[in-house]
Amino acid sequence: MGGKSFGKAPGGGGTPGRGEFGDSGRERARRRGQGQLEAQVLAALHEASGPATAAWVQERLGGGLAYTTVMTILSRLHAKQAVTRERSGRAYVWTPAADEAGLAALRMRRVLDGEPDRDAVLTSFVSALSAHDEQVLRTLLDRATADAPATADGPVTADGPAPAGDPAAESGTDRRR
């Protein structure tokens, strides 16, 4: 196998005080993934008594997070429609757009919207549900069907009456969401 070392770039010594791959063990332990940072920023916003500034979020999170990092996470959350923002002088104030359950549902819809065969994805999802989750879903679908206005042809979707044989007509939901 040869005696090559993969720890350092050719011709260079590493950064003083750093491990083979550029981070000390302590830094690596502190590093959080983007999803974890987003969750922490959202949790901080949920604790706020009203709209909060990025500086307030940064202070609430502690741990030496850079202001620019907090702004990047808030901007990404805004692009995902997970937070709203309003101008307040030269800065923005941020508010969560939904609770944790609403945000999880938004992520699920985004995944579904990105798939070419929605029916196959939904079929796989439903077939993997626990008995309890399946019962909860059945109850929710039954409630949605009961609450949906009906015509002689069946339930009404956002575009009007659903065509016969349309899965949306059977579940009382609009497939375009």
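This note sets out several points on the predicted model shown above.

1. The nonpolar core. The largest nonpolar core has 18 residues, and those that touch the most other members are Val-41, Leu-45, Val-57, Leu-74 and Leu-77. At least two residues of this core come from each of helix 2 (34-47), helix 3 (54-61) and helix 4 (67-79). Helix 2 gives the largest share, five residues. In soluble globular proteins, nonpolar side chains tend to be buried together.

2. The surroundings of Leu-77. Once neighbours within four places in sequence are set aside, Leu-77 is in contact with Glu-38, Val-41, Leu-42, Ala-82 and Val-83. Among these contacts, Val-41 is itself one of the core residues that touch the most other members. Val-83, another contact of Leu-77, belongs to the strand pair described next.

3. The strand pair. Strand 1 (residues 83-88) and strand 2 (residues 91-96) run antiparallel and are joined by six bridges. Within this pairing, Val-83 stands opposite Pro-96 of strand 2. The two strands form a hairpin with two residues between them, where Gly-89 takes a positive phi near 70°.

4. Met-108, Phe-125 and Val-126 make a nonpolar surface patch of about 270 Å². Phe-125 lies in helix 6 (residues 118-127). Is Phe-125 partly exposed or buried? Phe-125 counts as partly exposed because its relative accessibility is 41%, whereas buried means under 20% and exposed means over 50%.

Methods
Residues are numbered from 1 along each chain as its sequence is written. This is a predicted model: local features need pLDDT of at least 70, side-chain atom pairs count only at pLDDT 80 or more; totals for chains, interfaces and linings use all residues. Side-chain values use heavy atoms; hydrogens and water are left out. Patches are made of residues with over 30% relative accessible area and no salt bridge: like charges are joined within 9 Å, nonpolar side chains (Val, Leu, Ile, Met, Phe, Trp, Tyr) within 5 Å. Accessible areas come from the Shrake-Rupley method with a 1.4 Å probe; for residues, only the protein chains shown count as cover. A salt bridge is a side-chain nitrogen of Lys or Arg within 4 Å of a carboxyl oxygen of Asp or Glu. Helices (H or I, at least four residues) and strands (E, at least two) are DSSP runs, numbered from the N terminus. Buried means under 20% relative accessible area, exposed over 50%, partly exposed in between (1.4 Å probe, protein chains only). Two strands pair if DSSP finds at least two bridges between them. A nonpolar core is a set of buried Ala, Val, Leu, Ile, Met, Phe, Trp, Tyr and Cys residues joined through side-chain atoms within 4.5 Å. Contact means heavy atoms within 4.5 Å.
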